[in-house]
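Here's a friendly walk through one structure, for anyone meeting it for the first time. Have a look at it, then read on.

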Amino acid sequence: MQQNYDEPLLKQDFTVQGGDFIHAGEVSSKIKSILKEIGMSHEVIRRASIATYEAEMNVVCYAQRGKFYLTITPDRLSIIVEDEGQGIENIALAMKEGYSTSSSAIKEMGFGAGMGLPNIKKNTDELLISSVLGEGTRVAMVIFTKP
Amino acid sequence: MGEYFHAIEVETDKCCGSMNCMRTCPTEAIRIREGKALILEDRCIDCGDCIRVCPNRAIRPITGSFEDLKRFRYTIAIPSPSLYAQYGIGVTPNHILNGLKGLGFNEVYDIGKACEVYSAVLKEHLHNYSDNKPFISTLCPAIVRLIQINFPELVGNLLSIEAPRGIAGSVKITRAKEMGISPKEIGAIYITPCPAKMIEVNQPICKTDPPLDGAISISDIYGLLFTSIRKIQSFEPLHSSSGIGVGLAIPGGCIARLDIENAIAVDGVKNVINILEDLERGKISNVTYLELWACPGGCLGGPLAVDNPYLAKIKVVKLMQQLGMELNISADEVDRMRRYLSCDVALSSHPIKPLGKDAVDAIKKIKERESVIETLPGINCGACGAPTCKAFAEDVIQGRAEVIDCVFKLREETIESIQRGLTKAQRTPLAFRKRGE
């Protein structure tokens with residue numbers, strides 16, 4: 001049977017509230033449990049957990065609100081995160097390990113170590129970031145699920 | 001017995017279906033069917049939380065009894081470190097070991113020695129740590145199962161070092177050689193604060209041959225042991241270990257002497273689940289060692305321990321001070337026993353089955369479940385026999401329940417059908433019906 005690899009099997013979206021550190025991580029947990037129920041490989045689950053958690057923390061730390069769009073097709077997971085927030089001035093710089101624009105308050109809370117985007121990069125197969133300063137950021141990540 | 005051994009069973013004639021267990025179970029492994037608790041074997045981690053909350057004592061730990069001793073030519077009692085802290089401060093570890101011997105065991109083994117060996121090897125292991133992931137202790141068998149079932153991708157973090165009770169059990173191999181008999185004729189019997197240790201009698205975590213041959217619960221032996229201690233005229237010196245042994249009875253008791261940075265101890269299944277989720281999402285970096293316990297308060301909080309775990313903890317801390325936290329055994333002895341610590345089987349994972357036969361089917365089921373959830377009241381009343389509306393929705397889509405098994409859905413449907421009937425009944429008979437009616 002011919003399988004259409006672009007046909008989404010599942011589309012689901014989630015909202016993340018900026019500044020809500022108590023519930024930070026809930027969306028990535030939900031996505032993780034869906035992937036477990038689907039029977040994705042441990043490796044895909046591990047990578048997706050880390051990438052979505054980092055993306056969620058970015059929304060919590062730097063945006064007013066954000067939206068996660070999860071799409072699962074037969075060969076990949078695509079997660080698009082769109083936020084309304086401060087945006088990223090220099091994406092290339094933000095991709096460097098250890099680079100952070102975080103306020104000292106956020107650093108004192110144990111976040112903003114400058115590892116977020118590099119960690120997302122490490123745990124995804126495709127990553128596209130676009131941002132408008134003062135408006136928000138869009139992070140589109142893809143993880144291939146077929147070995 | 002299913003795919004894996006479980007150390008807990010429901011005594012159906014005592015169970016009145018009160019749901020306390022279903023609501024408490026941290027892995028949602030209990031349903032109520034035919035008015036009785038039913039344990040879902042693929043989800044149960046044998047933590048024993050259900051034993052604590054059952055008002056009718058209908059959840060029975062499958063532990064052994066003194067009858068087990070008759071199966072062997074020679075028996076060795078191995079107390080859990082928590083046993084040392086179950087009585088008043090006047091009852092010392094040496095009294096306890098003598099008392100156990102008085103109960104009919106041929107030999108008693110001071111678990112503290114095995115704990116010292118364990119602690120020494122663990123320290124080496126953690127100091128050679130180079131991998132970028134924390135090691136997770138395998139001291140608590142319920143935690144090992146939790147990881148195998150709910151966090152299969154973390155199985156690789158589990159330390160493959162045999163726990164002190166297994167090290168102690170392996171003494172039977174030496175004893176068999178000395179006596180010129182088969183190790184099978186020797187019974188190593190663990191005195192346990194929880195049923196989970198029975199897993200290791202039946203399906204050991206990291207050995208092909210179980211080092212332990214039986215387990216008797218502390219609660220079963222408590223009174224007998226006390227009487228036995230009181231009868232003893234003169235005590236043999238059976239206890240020679242340091243405070244490390246008894247320290248292992250409380251979470252984090254032995255972490256300080258490991259001399260490593262960033263080791264943490266977490267107790268209680270729900271807290272453990274939280275920390276494992278953090279680990280999974282990459283939030284935990286630069287932590288070297290996670291000592292995880294299913295019971296709040298560690299082994300002192302075991303469902304088969306007798307004394308209040310907080311009171312027992314005072315005694316543990318006192319014993320740790322009195323006995324000191326230095327190794328009492330020599331480096332040679334550690335080396336001699338080293339082989340008993342290695343695992344000869346790889347730890348495997350037993351993840352919960354995906355919802356469907358493949359990704360497409362599973363996603364279809366997820367969507368079906370979501371649409372069922374939307375129609376449910378969401379108050380998790382439990383009358384359907386499932387702990388949450390979500391779990392019930394899953395039962396529905398898997399064909400284990402029908403939507404009208406929800407009392408609220410039944411009520412809705414009944415009202416609708418009565419209304420339909422009423423509308424029909426109110427219809428004017430044709431002979432009297434006005435035109436256009």
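## Before we start

Keep in mind that this is a predicted model.

## A helix tucked inside chain B

Let's begin with helix α4 of chain B, which runs over residues 111–127 and so counts 17 residues. From its first C-alpha to its last, α4(B) reaches 24 Å, close to the 24 Å expected at 1.5 Å a residue.

Among the buried ones are B:I111, B:G112, B:K113 and B:A114, along with B:Y118 and B:L122. As for what covers them, the list includes the strand β5 (74–79) and the helices α6 (164–169), α10 (243–247) and α13 (331–337), again from chain B.

## Two helices crossing: α3 and α9

Next up is a pair in chain B: helix α3 (residues 93–102) and helix α9 (residues 218–231). Their axes come within 8 Å and cross at roughly 100 degrees. An angle from 65 to 115 degrees counts as roughly perpendicular, so α3(B) is roughly perpendicular to α9(B).

Which residues make the contact? On the α3(B) side they are B:H95, B:N98, B:G99, B:L100 and B:G102, while α9(B) brings B:L225, B:S228, B:I229 and B:K231. Sorted by class, that gives three nonpolar, five polar and one charged.

## Another pair: α14 and α15

Further along chain B, helix α14 (residues 359–375) meets helix α15 (residues 389–397), with axes that come within 9 Å and cross at roughly 125 degrees. That angle makes α14(B) oblique to α15(B), and α14(B) passes α15(B) in a right-handed crossing.

Here α14(B) makes the contact with B:K365, B:E368, B:R369, B:V372 and B:I373. From α15(B) come B:C389, B:K390, B:A393, B:E394, B:V396 and B:I397. By class, this contact has six nonpolar and five charged residues, with no polar ones.

## Where the chains touch

Finally, how many residues does each chain put into the contact? Chain A gives 17 residues and chain B gives 14.

On the chain A side, α1 (26–38) and α2 (42–62) each supply at least two residues. The most comes from α2(A), with six residues. The side of chain A that touches chain B splits into eight nonpolar, seven polar and two charged residues.

Terms used
Residues numbered from 1 in each chain as written. Chains lettered and ligands numbered in written order. Predicted model: local features only at pLDDT ≥ 70, side-chain atom pairs only at ≥ 80, totals over all residues. Helix = DSSP H or I, 4+ residues; strand = E, 2+ residues; numbered from the N terminus. Buried ≥ 20, exposed ≤ 12 C-beta atoms within 10 Å, placed from the backbone. Contact = placed C-beta atoms within 7 Å. Axes fitted to C-alpha atoms, helices over the stretch in contact; angles between N-to-C directions. Parallel < 35°, antiparallel > 145°, perpendicular 65-115°, else oblique. Nonpolar A, V, L, I, M, F, W, Y, C, P; charged D, E, K, R; others polar. Left-handed = near helix turned anticlockwise from the far one by under 90°.
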